[in-house]
Amino acid sequence: MTRLLTVLMIMAGLTVPAAAQDAAAPAEGTAATEAAPADAAATEEDDDDDDDDAEGEAGGEAAAVYDAQGKFDYGFSGIMARDNRTDLAPLTLASGQPVAGGEYTLKSGGFYRIAINADGSQELALSGGDFFRHIWINEIVINDIEIRPMGVHSIEFDNAGTAVISFIAVTPGRYTLSVPGSSGESQQAVFNIQ
């Protein structure tokens with residue numbers, strides 16, 4: 001049984017403790033077929049006190065450590081570390097001015113920060129429920145006040161100011177943030193999440 005477990009752990013790419021490797025190897029001069037029934041009999045007799053063995057090993061020998069490797073190495077702080085964040089070109093809310101200079105291309109799982117600047121020339125908002133539903137918002141910062149919302153549908157500016165949104169792009173697709181009631185392409189920001 002121990003030998004089978006060791007083989008399965010090796011196939012899965014897990015680290016096999018030295019004690020398990022020694023236990024899995026047959027004794028010198030003994031055929032593998034002779035060692036297997038003896039191991040199975042010892043395992044059956046020893047099943048009832050596995051908890052006692054685990055306590056004994058914790059005090060005497062080092063316990064097995066299984067290292068699960070992730071697809072990406074984000075470092076100690078994880079995906080939301082400052083080193084992993086990408087600052088996007090800011091959005092502008094001004095009367096008669098385009099909202100964005102072009103389309104944004106984002107990667108699913110990427111950490112981003114974008115500023116929305118309003119000049120106060122007119123009361124304007126950016127609405128985009130679809131965009132906000134397909135990202136995870138870490139925070140919105142307005143005048144050094146950090147807001148951690150469960151969900152957002154739109155952001156409206158009555159006066160001049162800046163709001164900074166940090167988020168993780170989640171669902172691939174094409175999404176827009178647009179000025180409500182406008183139909184011009186310059187009055188929207190397009191986000192392509194890949």
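A salt bridge is counted here where a side-chain nitrogen of Lys or Arg lies within 4 Å of a carboxyl oxygen of Asp or Glu. By that rule, a search of the whole structure finds six salt bridges, among them one between the side chains of Arg113 and Asp87, with 2.9 Å from N to O. The model is predicted, so local features need pLDDT of at least 70 and side-chain atom pairs count only at pLDDT 80 or more, while totals for chains, interfaces and linings use all residues. Residues are numbered from 1 along each chain as its sequence is written, and side-chain values use heavy atoms, with hydrogens and water left out.

**Salt bridges around Asp87**

- The pair of Arg113 and Asp87 links distant parts of the chain, since Arg113 belongs to strand S4 (residues 111–118) and Asp87 to strand S1 (residues 85–87), 26 residues apart; strands, at least two residues of type E, and helices, at least four of type H or I, are DSSP runs numbered from the N terminus.
- Asp87 also forms a salt bridge with Arg85, where the closest N and O atoms are 3.6 Å apart.
- Relative accessible area (1.4 Å probe, protein chains only) sorts residues into buried, under 20%, exposed, over 50%, and partly exposed in between.
- Asp87 counts as partly exposed because its relative accessibility is 47%, and Arg85, at 23%, is likewise partly exposed.
- Arg113 is partly exposed too, with a relative accessible area of 29%.

**The Glu103 and Arg174 pair**

- A further salt bridge joins Glu103 to Arg174, and its closest N and O atoms are 3.2 Å apart.
- This pair also links distant parts of the chain, 71 residues apart, with Glu103 in the loop between strand S2 (91–93) and strand S3 (104–106), and Arg174 in strand S10 (residues 173–178).
- Glu103 is partly exposed at 48% relative accessibility, whereas Arg174 is exposed, with a relative accessible area of 52%.

- Strand S5 (residues 124–127) runs antiparallel to S8, and four bridges join them; two strands pair if DSSP finds at least two bridges between them.
- Phe157 in S8 is the bridge partner of Leu124.
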